[in-house]
Amino acid sequence: MNNSDTICTVVVTYNRLELLKQCLQGILNQSYPIDKIIIVNNGSTDGTGDYLKTLNLPQIEIINQENLGGAGGFHTGIKKAYEYGYGWIWVMDDDVEPFTNCLENLLQFKEKSKCMHPLRIFSDNNEVFKWEHYFDHRTCMPIIHHNISLENKDYCYVNTACFEGMLIHRDVVEKIGFPKTEYFIAGDDTEYGILANLYTNVLYTKKAVMYRKRTVVSHKIRPLQAYYEYRNLFILRKNIKSYFPGSFSSMFYKNLYKDCFSKIMTVLRGKEYSFSEKKLLIGKMIKGIRDGKKIYKNK
């Protein structure tokens, strides 16, 4: 198969069975026909595996693997969809649910872009997630624009990606390969969008919408987030360095330490954190930076 109009959806799931069911229902309800649904189960232990065994629809394929993080799951799923020959690959986590016309509206822009992203709305309060930002290769951090472009037009261009609804054409995947598993979580989609932007205008539109689910509304920093966000900045810097001529700006370290200091102060002042949580999170941040430096120097 190698039909540029065919669609394969890739969903990566880990221990969020009820959200997965809602996500899958949203995919099955799409107004534009989907040819294949690949669900990558990252070693879930909450009954997800048993539920997936009950799915008898011919277009659904289940891949069970150990927990390789979101990065490992998307690597597996996108690689499989590409090898099958599908023209478009629609990627998402298990905690989103696309509106019925989400895919149809994304494809309205297929003449403008081969890597597109929908708007996301938090399902618990209908708040719009303001994702518009631009990756700064000097600092390896985003420049936030808070969806300002979408106030007066239906779409805008960005230079990075998000695996919560990204629709990408196989022509781009052929050029940039598959997401790198070394990230585990955080940063894998950022790099993927940076590379995609070298070959197509990465598009973000408010005409296509999906819900972003959250079981608990909390802004608390999670231990995995505290570690991998900082460690993976160095992996990202290492991986994209060859694409941007010249040396990296000293702004990288300046912004890194500024961001880390800000987060540490947020944790220290946060009444929602216990003493043991504060100690754990700060330790994770520092370890993430130390491990990241080692990875960068050894490659």
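Over the ring of which residue does the charged end of Arg237 sit? The ring is that of Phe252, and the charged end of Arg237 is 4.4 Å from its centre. A charge sits over a ring here if NZ of Lys or CZ of Arg is within 6 Å of the ring centre and within 35 degrees of the ring normal.

## Basis of the model

This is a predicted model, in which local features need pLDDT of at least 70 and side-chain atom pairs count only at pLDDT 80 or more, while totals for chains, interfaces and linings use all residues. Residues are numbered from 1 along each chain as its sequence is written, and side-chain values use heavy atoms, with hydrogens and water left out.

## Aromatic rings and charges

The whole structure holds 15 aromatic pairs. Rings of Phe, Tyr and Trp (its six-membered ring) pair if their centres lie within 6.5 Å; planes under 30 degrees apart count as stacked, over 60 as edge-to-face and the rest as tilted. Phe252 and Tyr253 make an edge-to-face pair, with 5.1 Å between centres and 90° between planes. Ring pairs also join these two residues with Phe234 and Tyr257 in a cluster.

Phe252 is buried, at 0% relative accessibility, whereas Tyr253 is partly exposed at 29%. Buried means under 20% relative accessible area, exposed over 50%, and partly exposed in between (1.4 Å probe, protein chains only). Another charge over a ring involves Arg170, which lies over the face of Tyr82 at 4.1 Å from the ring centre.

Strands (E, at least two residues) and helices (H or I, at least four) are DSSP runs, numbered from the N terminus. Two strands pair if DSSP finds at least two bridges between them.

β6 pairs with β12 (residues 202-212) in the parallel sense, over 7 bridges; in this pairing Pro118 stands opposite Thr205. With β11 (residues 167-169) the sense is antiparallel and there are 2 bridges. Cys115 has Ile168 of β11 as its bridge partner. β7 (residues 128-129) also runs antiparallel to β6, joined by 2 bridges, and Ile121 stands opposite Val128 there.

## Positive phi values

The hairpin of β6 and β7 has 5 residues between the strands. Asn126 is in this loop and takes a positive phi near 60°, although it is a residue other than glycine. At 52% relative accessibility, Asn126 counts as exposed.

Phe184 is not a glycine either, and its phi is positive at about 65°. It lies in the loop between α5 (170-176) and α6 (188-196). Phe184 is partly exposed, at 22% relative accessibility.

## Cysteines

How many disulfides does a search of the whole structure find? The search finds 0 disulfides, a disulfide being a pair of cysteine sulfur atoms within 2.5 Å. Cys8 is buried at 0% relative accessibility, and Cys23 is buried at 1%.
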